[in-house]
Amino acid sequence: MKSRYALGAVVVGIPLALALLGPMFAGGPGPRAASFTLGDGHWLGTDFVGRDVWRQVLLGGRSVVLVALAATALAYLVAFPVGLLSALTHRTWLEELLMRPLDVLLAVPSLLMILLTAAVFAPGTVGLTLLVALVNIPDAARIVRAAAAEAASRPVVEALRMQGETWWRTAVGYVGRSLTRTLAADAGVRLTGVLYLVATAAFLGVGVEPDAADWAVMVDRNRTGLYVQPWAVVVPALLIIALTMGTNLLVDAGLKKRKRT
């Protein structure tokens with residue numbers, strides 16, 4: 001168990017450290033060299049416009065990580081109360097009012113929403129965060145609702161109601177707390193999906209400029225020189241993969257530890 005925690009912490013810690021602290025050590029842009037070259041003071045080579053790849057790596061993680069984490073947190077911030085209230089309410093009209101609009105959003109493919117946004121709006125990280133969160137809210141709310149409905153059917157909930165406990169204590173104090181394992185497991189998978197959407201949006205020019213220092217943009221813009229200078233693609237791609245794998249390793253280790261205790 002400790003080894004899995006340690007492995008997860010190392011795997012996720014490297015991209016997080018580069019994303020959060022990298023800009024502090026990136027330094028100035030310096031002169032540009034020829035595109036897709038190795039050496040000449042650039043130990044990871046240069047990218048498609050001759051910029052130092054290592055400097056771009058140091059600068060490129062903050063946008064990916066912050067947008068992904070903010071979008072995931074915002075999705076749960078909306079999905080949790082909506083799903084919880086929908087599962088615990090005895091008013092059919094309220095449940096329909098809460099869930100049916102989300103079903104409409106769920107029916108729209110996420111990539112289609114990104115494409116429409118790319119065609120209408122200018123790049124912006126705030127808009128990208130809101131868009132990715134909006135895409136994830138319907139599915140997250142349905143998971144919260146299903147798990148809360150199961151917890152709400154337990155005898156202890158009926159006992160709390162008979163004792164005259166407040167709705168807040170029953171809904172949040174018991175039912176909400178019982179969703180911890182489910183939401184933790186879902187969060188690891190959802191963060192992976194969010195990172196995929198953020199990367200896809202970056203490929204399409206939503207949220208970041210086409211030549212921005214961004215790991216996802218680096219993978220897309222430098223793929224034409226993959227066989228000439230692979231580090232400009234391989235390094236940012238591995239950092240994105242490490243972030244998702246490390247997150248899931250930590251979540252799995254935490255769930256197993258909680259189950260044993």
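Predicted model: local features only at pLDDT ≥ 70, side-chain atom pairs only at ≥ 80, totals over all residues.

Trainee: OK. How many helices and strands does the protein chain have?

Mentor: Ten helices and zero strands. Along the sequence, the pattern is α-α-α-α-α-α-α-α-α-α.

Trainee: What percentage of the residues count as buried?

Mentor: 43% of the 261 residues in the protein chain.

Trainee: And the contacts, what share join residues at least 24 apart?

Mentor: 74%, counting contacts between residues at least 6 apart in sequence.

Trainee: Switching to α3. What span should its 16 residues give?

Mentor: Helix α3 covers residues 92-107. The expected span uses one less than the number of residues, so the count of steps is what matters.

Trainee: Where does α3 bend?

Mentor: At Met99, by about 25 degrees. A proline, Pro101, follows within four residues.

Trainee: Which residues of α3 are buried?

Mentor: Leu94, Glu95, Leu98, Met99 and Leu102. So the bend residue, Met99, is on the buried list, where the cut-off is under 20% relative accessible area.

Trainee: What do those buried residues pack against?

Mentor: Against α2 and α5, the latter being residues 125-152.

Trainee: Is Thr72 buried or exposed?

Mentor: Buried, because its relative accessibility is 9% and the cut-off is under 20%.

Trainee: Leaving aside neighbours within four places in sequence, what is Thr72 in contact with?

Mentor: Leu191 and Val194.

Trainee: New topic, the surface. Which residues make the nonpolar patch?

Mentor: Leu20, Leu21, Met24, Phe25 and Leu66. The patch is about 540 Å².

Trainee: Which helix gives the largest share of the nonpolar patch?

Mentor: Helix α1, residues 2-25, with four residues.

Trainee: Take Phe25. Where does Phe25 lie, and is Phe25 buried or exposed?

Mentor: Phe25 lies in helix α1. Phe25 counts as exposed because its relative accessibility is 62%, and exposed means over 50%.

Trainee: Good, that covers my list.

Methods. Residues numbered from 1 in each chain as written. Heavy atoms only, no water. Buried < 20%, exposed > 50% of the residue type's maximum accessible area, 1.4 Å probe, protein only. Contact = heavy atoms within 4.5 Å. Helix = DSSP H or I, 4+ residues; strand = E, 2+ residues; numbered from the N terminus. Expected span 1.5 Å × (residues − 1). Bend = angle between axes of the 7 residues up to and from the residue. Patch = residues over 30% accessible without salt bridge, like charges linked within 9 Å, V, L, I, M, F, W, Y side chains within 5 Å. Areas by Shrake-Rupley, 256 points an atom, 1.4 Å probe, with all protein chains shown as cover. Salt bridge = Lys/Arg side-chain N within 4 Å of Asp/Glu carboxyl O.
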